[in-house]
Amino acid sequence: MLKITDLHARVEAEEGEGKPILKGVSLEVPAGEVHAIMGPNGSGKSTLSYVMTGREGYEVTDGTVEFQGEDLTEMEPEERAARGFFLSFQYPVEIPGVPTLTFLKEAANAQRKARGEAEISAPEFMKAARENAAKLGISNDMLKRPVNVGFSGGEKKRMEIFQALMLEPKFLILDETDSGLDIDALKVVAEGVNALRDPNRGMLVITHYQRLLDYLTPDKVHILSDGRIVKSGGPELAHELEREGYDKYTSEAA
Ligand code: ADP
Ligand code: MG
Ligand code: MG
């Protein structure tokens, strides 16, 4: 489903060449699987998610990102989104005055339109919203509030998963969803991710911490260090990291 081949990327600089961040990342995520990317701070995890979704400010200097056989590497973020690529934190901004549901319905319909699908009806949308909100412990009051305005860190995370559920992505990238979450909120997020597991959907969960993976068993774990995947393995790799830390991999990478 997702195939990243020898991806090299750097930060775009105003003058001269920017700093290389990704130094040859290769990765495949089949449909139906959840893969975790773990790695020390500054290893390039967020950069990888930005480059995958086409965020500006980063330049791919080599390699490709393919999705369902199509090369996305040069596509605009909107074109990728239309193909069902979703990155959490895509809408991190607060939007005063716009109720969350209104915003999400617009976003869902923009994506449907780009895919050549019919718009979702208001009752259908509300039904899905109620079901997904219930799954994530999101109150009616939260849904009525403007987008992300006045939410606590944990509430914002819940809302991100909620957005993801409402947009029905084919491929979901979650970046550091566990940072700043207490254990209960972490469980809710993990349950949300588990609820999104689907034979037709792939997921990449990017995290610095092992604890999210206690509740969400990934099919594979990849360790990113200094812009390269230095080790891949099963879920046991996350437990090894919790015990032994990243030192081994950072010194190997260096
Ligand atoms: P991680 O998410 O693993 O903590 P990042 O992808 O955020 O790592 O960052 C990887 C490296 O790239 C870091 O050294 C960071 O300082 C650098 N970097 C990322 N984005 C930029 C940028 N826009 N300008 C300069 N350096 C950047
Ligand atoms: Mg970081
Ligand atoms: Mg990061």
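The following conversation goes through a predicted model and asks how some of its descriptions are reached.

Biologist: Why is glutamate 106 called exposed?

Modeller: Glutamate 106 has 11 other C-beta atoms within 10 Å, and a residue counts as exposed if that number is 12 or fewer, so glutamate 106 is exposed.

Biologist: Where is glutamate 106 found, and how far apart in space are glutamate 106 and isoleucine 120?

Modeller: Glutamate 106 belongs to helix α3, which covers residues 100–114; from C-alpha to C-alpha, glutamate 106 and isoleucine 120 are 9.7 Å apart, although 14 residues separate them in sequence.

Biologist: How do you know that strands β1 and β2 pair?

Modeller: Two strands pair if at least two bridges are found between them, and β1 (residues 2–11) and β2 are joined over 7 bridges in the antiparallel sense, so they are a pair. Within these strands, histidine 8 stands opposite lysine 23 of β2.

Biologist: What makes β2 and β5 edge strands?

Modeller: The open sheet has 4 strands in the order β2-β1-β4-β5, with antiparallel pairing, and β2 (20–29) and β5 (70–71) each pair on one side only.

Biologist: Which residues surround ligand 1, and how many of the shell residues are polar, nonpolar or charged?

Modeller: Among the residues around ligand 1 are Val11, Ile21, Lys19, Lys45 and Gly42, and by class the shell has 8 polar, 2 nonpolar and 2 charged residues.

Methods: Residues are numbered from 1 along each chain as its sequence is written. Chains are lettered from A and ligands numbered from 1 in the order in which they are written. This is a predicted model: local features need pLDDT of at least 70, side-chain atom pairs count only at pLDDT 80 or more; totals for chains, interfaces and linings use all residues. Helices (H or I, at least four residues) and strands (E, at least two) are DSSP runs, numbered from the N terminus. A residue is buried if 20 or more other C-beta atoms lie within 10 Å of its own, exposed if 12 or fewer, and partly exposed in between; C-beta atoms are placed from the backbone. A residue is near a molecule or strand if its C-beta atom, placed from the backbone, lies within 6 Å of it. Ala, Val, Leu, Ile, Met, Phe, Trp, Tyr, Cys and Pro count as nonpolar, Asp, Glu, Lys and Arg as charged, and the others, Gly among them, as polar.
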